[in-house]
Amino acid sequence: YTIPLAVNDITYDDSLTRSEKRSNSRKKFGISEDAIVILNLGRLSFHSKSHPLAIYKAISKISSDNIDKEIILLECGTFSNKIVEELYNKLIYSFKNLTVKRVGGINQASEKEKIDCLNAASIFISLSDNIQETFGLTVIEAMAAELPCIVTDWNGYKDLVKDQENGYLIPTKYALQSNEDLNKVDADYKIEKINFDYMIGIKSMKTVINEQILISKLSYLIENKDIREKMGLISKER
């Protein structure tokens, strides 16, 4: 048997509808009612969670092709240090038509801010490319918040999201030396030539996300409000 972790209904206040919660939270962030808000919730780390390049590229491409739509990436998470924050910002500025609103950053977001982010969102996205992502509690939190989820078909994530039911699993593969019983990175780690932190970072750099399918599935959800709401309800039930 698989016994998953669980969360309460972290969006609280059942006296309000999902639409009312979304409206209230968006007012706090200064986000319009008509915007499509794509939430990335979790620690902001290149090497121990996920590299943001795939998300930034996809949203930039979709926004450029849909200039009539307001599409916002809402990042809610914490950086380990100022250097990492600067690298994230530098990457964002390299893209056209990419609007990012960040809650948290160097200073950790409060629980209330996290709940407001979940309520404000239209879609949840998490593209983990790291072998130490064994479960993915933020995915369960997003499901509890009645959100459709786009996640990598990777480690624990693939046990949480049912493809085409409450979201989409984006094909993800460890590309280099994956057919070998023991590759060089594993060998270096086992003989303590490199430490765990370095090892997971190197492995994440060799992990490939299918960007074409990502853009296709994300575009579909952006264009179809009814599908987003249907998948969100299935997420909540699951």
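In the predicted model, helix α2 (residues 53-65) and helix α8 approach each other with their axes within 10 Å, and the axes cross at roughly 55°. The crossing in which α2 passes α8 is right-handed. On the α2 side the contact is formed by A54, K57, A58, I59, K61 and I62, and on the α8 side by E211, L214, I215, L218, S219 and I222. By class, the residues of this contact comprise eight nonpolar, one polar and three charged.

Helix α8 (residues 211-223) also packs against helix α9 (residues 225-237), with axes that come within 5 Å and cross at roughly 100°. Because angles from 65 to 115 degrees count as roughly perpendicular, α8 and α9 are assigned to that class. Residues Y220, L221, I222 and E223 of α8 meet K225, I227, R228 and M231 of α9. The contact of α8 with α9 contains five nonpolar and three charged residues, and no polar ones.

When residues up to four places away in sequence are not counted, K217 touches I150, Y168 and I170. The C-alpha atoms of K217 and L127 lie 13 Å apart, although the two residues are separated by 90 positions in sequence.

A further helix pair is formed by α1 (residues 18-29) and α4 (residues 111-120), whose axes come within 7 Å and cross at roughly 120°. This angle makes α1 oblique to α4. Here the crossing is left-handed. The α1 residues involved are R18, K21, R22, S25, R26, K28 and F29, while α4 contributes K112, E113, D116, C117, L118, N119 and A120. Of the residues in the contact of α1 with α4, eight are charged, four nonpolar and two polar.

A121 is positioned in the loop between α4 and β4 (123-126). With a relative accessibility of 0%, A121 counts as buried, since the cut-off for that class is under 20%. Leaving aside neighbours within four places in sequence, A121 is in contact with R18, R22, R26, V37, L39 and L147. Among these, R18, R22 and R26 are also α1 residues in the contact with α4. A121 and P148 are 27 residues apart in sequence, and the distance between their C-alpha atoms is 9.8 Å.

Overall, the secondary structure of the protein consists of nine helices and eight strands. The C-alpha atoms occupy a box of roughly 55 × 45 × 35 Å along the principal axes. The radius of gyration is 18 Å, which agrees with the value near 18 Å for a compact globule of 238 residues. Buried residues account for 50% of the 238 residues. Among contacts with a separation of 6 or more, 73% link residues 24 or more positions apart.

Note on methods: Residues numbered from 1 in each chain as written. Predicted model: local features only at pLDDT ≥ 70, side-chain atom pairs only at ≥ 80, totals over all residues. Heavy atoms only, no water. Axes fitted to C-alpha atoms, helices over the stretch in contact; angles between N-to-C directions. Helix = DSSP H or I, 4+ residues; strand = E, 2+ residues; numbered from the N terminus. Parallel < 35°, antiparallel > 145°, perpendicular 65-115°, else oblique. Left-handed = near helix turned anticlockwise from the far one by under 90°. Contact = heavy atoms within 4.5 Å. Nonpolar A, V, L, I, M, F, W, Y, C, P; charged D, E, K, R; others polar. Rg over C-alpha atoms; globule rule 2.2 N^0.38 Å. Buried < 20%, exposed > 50% of the residue type's maximum accessible area, 1.4 Å probe, protein only.
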